[in-house]
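User: I would like to go through this structure and ask what the terms used for it rest on.

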Amino acid sequence: MVAAVVAALALVLSACNGGGPSATAADSVAGLPVTHFKSGLKPNAPTPDLNVHNVSGDESDQVATATIADVESYWSGRMPTDFGMDFEPVTKLLSYDSNGPNQTNGCGDTEGDINAFYCSRDDSVSWDRGVLLPNMLQQFGQLSVVMVLAHEFGHAVQYRLKDKAGIDKSTPTIVKEQQADCFAGGYFRWVVEGKSTYFNVSTSDGLNAALSSLFLVRDSAGTSATDTQAHGTAFDRIFAFQLGFETGPKQCAALDLDSIKPRLVEQPFRPGTDKKQQGDIAIDETAISALQSSLNDAFKGANVAEPQIIADGGACPGGGPSTPPASYCPSSNTVTIDLDALAELGKPVDQDAEFSGDNTGGHGDFASFAEIASRYALGVQKGVGASIDTPGAGLRTACLVGAWAAVAALPGQKLRLSAGDLDEAISDLLRPDGLVAADVNGNRTASGFNRVEAMRTGYLQGSPICSRQYN
Ligand SMILES: [Zn+2]
């Protein structure tokens, strides 16, 4: 991380609008066109010829079974070409109701187990059609179930690849999880490319739903990446998924602790931080003043007049841009904010409630800070003569917010990034009305994949790349 942070500190921003190939231009998603259509199970999808124990006729089982058939088809193509091995289907498939009568697999009794998992002892994939899958269907749609089972199947693939994926008994959980997310990304690309018998996935809402489901299953803030149960933050998990989507299973199998450690952001709370507060602070005038100096410091290398953050309602006077709860007003070079609305948005995340679907928590302090920072970054861009009302401007803004977050992660900052903060920004990026990747008028590229990638690019590589890559 040190190199990235040094680059971020040397904030150089240019108004360069020159061309140059970019895999993340606003008009494509990892080289594929931005598409808009209904995603999910194809209306004419065949019934899979699979033997699933205890299966029901409900939607959860339909989607789960179709996913297994589909990933098996994907892997029966990839195993020989990428790894020189024949593909072997899993030995057992089990649908169970975690509230219902006992069902067992090689890993034991499934009663009360709200889960979906691969069990290597009997080479089985099992899912809870009683609670987990219906919950996911309701909140994030069919693709979230596809994501979870494609990930679990990734563990079955790992078990088959063994040393070809560098997997043995001592492999840390986080490595296995990163590989499984990456494998799921490879599979999703194949679906997006139209090769699936069962599913349609658009690169806009379809992939957004898939990424949102990875967000849902992230680890709690404050987990250490070396925890034996660590699966990764949303930031880490989406990185792995996107890597697989962009490069394919061979790169996924090459992931090991050395290669992932430098970019993992999962960390425990610093000593003295109250875990209940999740590292969040109240969004009030003191916090805003700390944010103002943090942003001034981070962007001083751009040599532009500093936008001033003013708590006067969140909409620019005189018919200027209105993107409440925070707007950048070009005529006065100010960021106007609605402090009450941002305080509400910035309340701590209630991850349990979020999972059960009756979320009354906020999105965390960093979601609010990132929204304000994004409006400030528009002022900096205007200062250097860059466009602020184009799709590229929205992604460049997210990239600059990432670059600022990297600076805010350094020790000794007045407003210092804490565990879970980057996930709060990702939550904002995946929200339908979040501002972090929006241009001055609040318009955003339809691809959450691009929005998240833009912020991460700035975070890991610093601000110079933002104007080069997003124009
Ligand atoms: Zn896993």
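User: Are histidine 151 and glutamate 177 buried or exposed?

Analyst: Both are buried, where buried means under 20% relative accessible area, exposed over 50% and partly exposed in between, with a 1.4 Å probe and protein chains only. The model is predicted: local features need pLDDT of at least 70, side-chain atom pairs count only at pLDDT 80 or more, and totals for chains, interfaces and linings use all residues. Residues are numbered from 1 along each chain as its sequence is written, and side-chain values use heavy atoms, with hydrogens and water left out.

User: What are the protein donors of the zinc ion?

Analyst: They are His151 (NE2), His155 (NE2), Glu177 (OE) and Glu177 (OE), lying 2.0 to 2.7 Å from the zinc ion. Donors are N, O and S atoms within 2.8 Å of the metal (3.2 Å for Na, K and Ca), and sites may look incomplete because water is not among the atoms.

User: Which parts does the pair of histidine 151 and glutamate 177 tie together?

Analyst: Histidine 151 lies in helix α4 (residues 142–161) and glutamate 177 in helix α5 (residues 173–192), so the pair ties together parts 26 residues apart in sequence. Helices here are DSSP runs of H or I, at least four residues, numbered from the N terminus.

User: Which residues touch the most other members of the largest nonpolar core?

Analyst: Of its 133 residues, these are Trp75, Trp127, Tyr187, Phe188, Phe241 and Trp404. Such a core is a set of buried Ala, Val, Leu, Ile, Met, Phe, Trp, Tyr and Cys residues joined through side-chain atoms within 4.5 Å. Helix α4 gives the most to this core, with 11 residues.

User: Which residues does tyrosine 187 touch?

Analyst: Not counting residues up to four places away in sequence, tyrosine 187 touches Asp70, Val71, Tyr74, Val146, Ala150 and Phe199; contact means heavy atoms within 4.5 Å.

Notes:
Helices (H or I, at least four residues) and strands (E, at least two) are DSSP runs, numbered from the N terminus.
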